[in-house]
Amino acid sequence: RIELLQNVAHLKPYVSRPTDIGPTHVPDGPELVDGEEEFVVEEVLAHRGSGRQTQYLVCWATYWPEDDLWLPKCNLTNAQEILDVYLARQEEKSSPTMQTVRRQSAIRSLRRLGHIWNYEGP
């Protein structure tokens, strides 16, 4: 069980990145659409939950993997094409022919999902 409380004695002060390493990445800001800020979705990487509680791991264009967010479908209304591509890819993975191929394969691989690693075994 993970405790949600953190002892302040274990915290360290923030140290900014040294300038000799290079500048930090400054992402482009959001686009203005009808007077509202809108961020560009590059890809949907994964999903969790089911039904109305389903959330999608969204990779933003011009942002790093550590900026990926879990968002509900209602926040992805203007990225429906990208979501459809992801759902089609999931349908392919769950098809019976793909499952038999996956069982026959003894190759194990790791695939990067944003800032986490997902194990894809046989």
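Residues are numbered from 1 along each chain as its sequence is written. In this predicted model, local features need pLDDT of at least 70 and side-chain atom pairs count only at pLDDT 80 or more, totals for chains, interfaces and linings use all residues, and side-chain values use heavy atoms, with hydrogens and water left out.

The chain contains two helices and seven strands, taken as DSSP runs numbered from the N terminus (helices: H or I, at least four residues; strands: E, at least two). Read from the N terminus, the order of elements is β-β-β-β-β-α-α-β-β. Of the 122 residues in the chain, 16% are buried; buried means under 20% relative accessible area, exposed over 50%, and partly exposed in between (1.4 Å probe, protein chains only). Among contacts (heavy atoms within 4.5 Å) in the chain with a separation of 6 or more, 31% are between residues 24 or more positions apart.

In soluble globular proteins, nonpolar side chains tend to be buried together. Here the largest nonpolar core has 14 residues, a nonpolar core being a set of buried Ala, Val, Leu, Ile, Met, Phe, Trp, Tyr and Cys residues joined through side-chain atoms within 4.5 Å. The residues with the most contacts inside this core are Val41, Tyr56, Val58 and Leu76. At least two core residues come from each of S3, S4 and H1, and S4 gives the largest share, five residues. With residues up to four places away in sequence not counted, Val58 touches Val41, Glu43, Asp68, Leu69, Leu71 and Leu76.

Three aromatic pairs were counted, under the rule that rings of Phe, Tyr and Trp (its six-membered ring) pair if their centres lie within 6.5 Å, with planes under 30 degrees apart stacked, over 60 edge-to-face and the rest tilted. Tyr56 and Tyr86 form an edge-to-face pair, at 6.2 Å centre to centre and 85° between the planes. This pair links distant parts of the chain, with Tyr56 in strand S4 and Tyr86 in helix H1, 30 residues apart. Tyr56 is buried, at a relative accessible area of 7%, and Tyr86 counts as buried at 3% relative accessibility. Phe39, Trp60 and Tyr63 form one aromatic cluster.

One salt bridge was found in a search of the whole structure, the criterion being a side-chain nitrogen of Lys or Arg within 4 Å of a carboxyl oxygen of Asp or Glu. It joins Arg89 and Glu43, whose closest N and O atoms are 3.9 Å apart. The pair links distant parts of the chain, as Arg89 lies in helix H1 (residues 80-94) and Glu43 in strand S3, 46 residues apart. Arg89 is partly exposed, with a relative accessible area of 27%, and Glu43 is partly exposed, with a value of 32%.

Thr54 lies in the loop between strand S3 (41-48) and strand S4 (55-60). Thr54 is buried, at a relative accessible area of 12%. Its side chain reaches the backbone oxygen of Gly51 at 3.0 Å. Not counting residues up to four places away in sequence, Thr54 touches His47, Arg48, Gly49, Leu71, Pro72 and Lys73.

Note on methods:
Polar contact = N/O pair within 3.5 Å; in protein donor to acceptor, adjacent residues only side chain to side chain.
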